Amino acid sequence: MTTGTDTTALAAAGLTVPAPAQAESAPAVGTARAGARVLKSPAPAAVAAPAAASAPAFARTKSVALAVVRVLKAVAVRTAAILALTALWEIAPRAGLVDSTFLPPISEVAVAWWELAGDGQLADHTQASLIRSFGGFGIAVAVAVPLGLLIGWYRPLADFLGPLLEVFRNTAALALLPVFVLLLGIGETSKVSIVVYACLWPVLLNTISAVRNADPTLIRLARSMDLSTPRLFQKVILPASVPAVFTGIRLAGAVSILVLVAAEMIGAKAGLGYLINASQFNFAIPQMYAGIVTISAIGVVFNQLLVTVERRLSLWRVPASS
């Protein structure tokens, strides 16, 4: 063993003294332990990785479940009244609350509707009514919207046509039905014409009101930018008028079906109005209610279609909640 004096002498001579064996082994042991810690450290991360990966999947599943619950809740709220009416319609005749001869249960009405659909009668009558109704409705919209824009924008034209509009808007369409039949006959022309007349006024009056109630600040701003009248209509008047115009269009859509049914009851050989009237005369009450239910379903679908179109044309509007 080298003593402290020998070590000093060797160091003075410029020779390197090797470290003791124990001192050499100490770093190795420390390194080995550190390596052991490095090798063991990935094990907890590997165990935690599946848990971390499952957290987003669980969150997505939870969000999808909440969305499904919200949709089901909305559907339940919207259909609760319809289901209650259906249950009451089924129970009331069977319980003797009303005479089942004049108000059969809805199950019998459904059977009659299925029979009419099976032999093709329902499709034929529905097609005839839709052609007349949509034809008159389309003509009324094509005439009323441009005319309403002109009357609402040009005050002299509004003053000139105002009294005439007031006279005709307060004259019921069904009151003029005999006049249309006398002048145009009992064919398709009179039925489409009465639908045009009935649908014209809701669209026309709402269009006039929409143009007159356009924001004057926007109009002044557009004029200050030297916009021409066509560009002013395109950029300001038309977008601002869409909600009110579509309110009139939706009213006209409902009127087109109601007036047509009354017109078909007077002189027609096909159509849902004819089906209802003929079923009443033949005392086929379930078939009569089947026709009424079909008209209601068409009205609901048509209204939802118009609402969808209105939303497409009103994407620029900012929701109130924003």
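In which handedness of crossing does H11 pass H12? The legends below start with that view.

**View 1. Helices H11 and H12 cross in a left-handed sense.** In this predicted model, H11 covers residues 272–281 and H12 covers residues 285–313. Their axes come within 8 Å and cross at roughly 160 degrees. An angle over 145 degrees counts as roughly antiparallel, so that is how H11 and H12 run relative to each other.

**View 2. A closer look at the residues joining H11 to H12.** From H11, the contact draws on Leu-272, Leu-275, Ile-276, Ser-279 and Gln-280. H12 contributes Gln-287, Met-288, Gly-291, Ile-292, Thr-294, Ile-295 and Ile-298. Sorted by type, the contact residues of H11 with H12 are 7 nonpolar and 5 polar, with no charged ones.

**View 3. Helices H8 and H10 pack with a right-handed crossing.** Here H8 (residues 188–212) meets H10 (residues 229–266) at an angle of about 155 degrees, and the axes lie 7 Å apart. H8 is therefore roughly antiparallel to H10. Their contact includes 18 nonpolar residues, 6 polar and 1 charged.

**View 4. Confidence along the protein chain.** Mean pLDDT for the chain is 77, and 80% of the residues reach 70 or more. Helix H4 (residues 106–118) has the highest confidence, at 90, while helix H2 (residues 21–40) has the lowest, at a mean of 43.

**View 5. Two stretches where pLDDT stays under 50.** Over residues 1–42, the model has 5 contacts beyond four places in sequence; over residues 318–322, it has 0.

How values were computed. Residues are numbered from 1 along each chain as its sequence is written. This is a predicted model: local features need pLDDT of at least 70, side-chain atom pairs count only at pLDDT 80 or more; totals for chains, interfaces and linings use all residues. Side-chain values use heavy atoms; hydrogens and water are left out. Axes are lines fitted to C-alpha atoms, for helices over the stretch in contact, and angles run from 0 to 180 degrees between N-to-C directions. Helices (H or I, at least four residues) and strands (E, at least two) are DSSP runs, numbered from the N terminus. Angles under 35 degrees count as roughly parallel, over 145 as roughly antiparallel, 65 to 115 as roughly perpendicular and the rest as oblique. A crossing is left-handed if the near helix is turned anticlockwise from the far one by less than a right angle, and right-handed if clockwise. Contact means heavy atoms within 4.5 Å. Ala, Val, Leu, Ile, Met, Phe, Trp, Tyr, Cys and Pro count as nonpolar, Asp, Glu, Lys and Arg as charged, and the others, Gly among them, as polar. pLDDT is the predictor's confidence in each residue, from 0 to 100.
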